[in-house]
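Subject: Structure for your review

Dear colleague,

Please find the structure below for your review. A summary of the findings follows it.

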Amino acid sequence: MKVLKFGGTSVGSPERMKSVASLITESGEPTFVVLSAMSGTTNSLVEICDYLYKKNPEGANEVINNLEKKYQKHVPELYSTEEFRKKTNDFLTEKFNYLRTFTKDIFTSFEEKTIVAQGEVISTNMVINYLQETGIKAVLLDALEFMRTDKNAEPDMQYIREKLQAIMKENEGYQIYITQGFICRNAYGEIDNLQRGGSDYTASLIGAALPAEEIQIWTDIDGMHNNDPRIVKHTEAIHQLNFEEAAELAYFGAKILHPTCIQPAKYAGIPVRLKNTMEPKADGTIIDNVLVRGKIKAIAAKDNITAIKIKSSRMLLATGFLRKIFEIFESYQTPIDMIATSEVGVSMSIDNATHLNKIVDELKKYGTVTVDSDMCIICVVGDLDWSNLGFETWATDAMKDIPVRMISYGGSNYNISFLIKESDKKRALQNLSDTLFNKK
């Protein structure tokens, strides 16, 4: 069985929902489908919560009413029979009346998570009704019945596996199994969500729990490209990536995938394929445990980076210096992206400047601190094992006309990263593409 995940744009209109229905049923094989909320819905639900936090029920009700009207317009376009139009309209009325109940009571983060979860609940019900109307043997499985996190807010894999396999056994014989992405219950039984990676994470967890033969992430672009197609000319979809290469690209700016969402698939040894709903026949990108030796695969860029340098003559041979530095970042829950050290100084980069002033203030206890803002990390990904002679030289040659603040190489076997000014990003990405991929 394959697990297919479709994002908000893929189910963003009745026409798109019908296309998804066609895609998931054409093979005739049993298929497990994970759906996001219709595009724009989650933003509206967050806006409702914002009004309720501000104790403005009138504003919340106005957003609820507008969202309900939007969905009501979809019903006659999606269904051809009065039976399913009525069934879906009754369901929508029930759901939006439920949302209105939150405008009359105390509002906390618990209620917020319950409201935000309704987008996926609505989209899955609409699609399952359409499938059943067209005669497909399909069943809706409530994600809240099997998707759970533990006390550390991490997926409870054993619980998910046991619950899901039991539910699948109770529902044998269906062609299509549909569930909600993103939403779950926490260790205390409260409605919550998976946060990082959202619906992609759900699909990966389900694929590992079944286990599936393949997990497919369907979006509106044809797989992961070897550079940013919005900025660089002549990019191409990558045919294959190793899980480690995909994680590096996702972490360093490839928006199509969240870096943590494919971990369950990686550990279970299940390939993940990135597909395009607009071009379903295209191969897309396959992510698996195969490493293609001697090849550079792709380039990614991560914006809004801040570089921090601490210079101190006391650092020389000083035990515990780096520990003290790292503890400051840890205390403000600020991850470090890149790091470079010398005998008298250390430079690092961060992508979250929320606590920058406080961090800098504390770092000044240990040396002179300088800060460079509006920076960008350019990451070159592939088989960059140090035994591959000349590979790092190809990348650095492409950057010879770009001022480079910091270089990171050797931290893994899969990337070399350059810290540059954001204003130089476009030129750097194009130079790298021309040097690494577009040679004539």
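Which residues in α3 meet which residues in α4? In this predicted model, Asn61, Ile64, Asn65, Leu67, Glu68, Tyr71, Gln72, Val75 and Pro76 of α3 are in contact with Arg85, Thr88, Asn89, Leu92, Thr93, Phe96, Leu99 and Arg100 of α4. Helix α3 spans residues 57–78 and helix α4 residues 82–101; their axes come within 10 Å and cross at roughly 170°. Angles over 145 degrees count as roughly antiparallel, and α3 and α4 are therefore roughly antiparallel to each other.

Tyrosine 409 belongs to strand β15, residues 406–409, and counts as partly exposed because its relative accessibility is 32%.

Some backbone features also deserve mention. Most residues other than glycine have a negative phi, and most peptide bonds are trans. Glutamine 333, although not a glycine, has a positive phi of about 50°. Glutamine 333 lies in the loop between α11 (321–331) and β12 (339–341) and is exposed, at 69% relative accessibility. Aspartate 374, also not a glycine, has a positive phi of about 55°; this aspartate is in strand β14, residues 368–382, and is exposed, with a relative accessible area of 59%. The peptide bond from leucine 210 to proline 211 is cis, with omega near -10°, and proline 211 is located in the loop between α8 and β7 (214–219).

Lastly, glutamine 195 sits in the loop between β6 (191–193) and α8 (198–209) and counts as exposed at 55% relative accessibility.

Yours sincerely

Note on methods: Residues numbered from 1 in each chain as written. Predicted model: local features only at pLDDT ≥ 70, side-chain atom pairs only at ≥ 80, totals over all residues. Heavy atoms only, no water. Helix = DSSP H or I, 4+ residues; strand = E, 2+ residues; numbered from the N terminus. Buried < 20%, exposed > 50% of the residue type's maximum accessible area, 1.4 Å probe, protein only. Axes fitted to C-alpha atoms, helices over the stretch in contact; angles between N-to-C directions. Parallel < 35°, antiparallel > 145°, perpendicular 65-115°, else oblique. Contact = heavy atoms within 4.5 Å.
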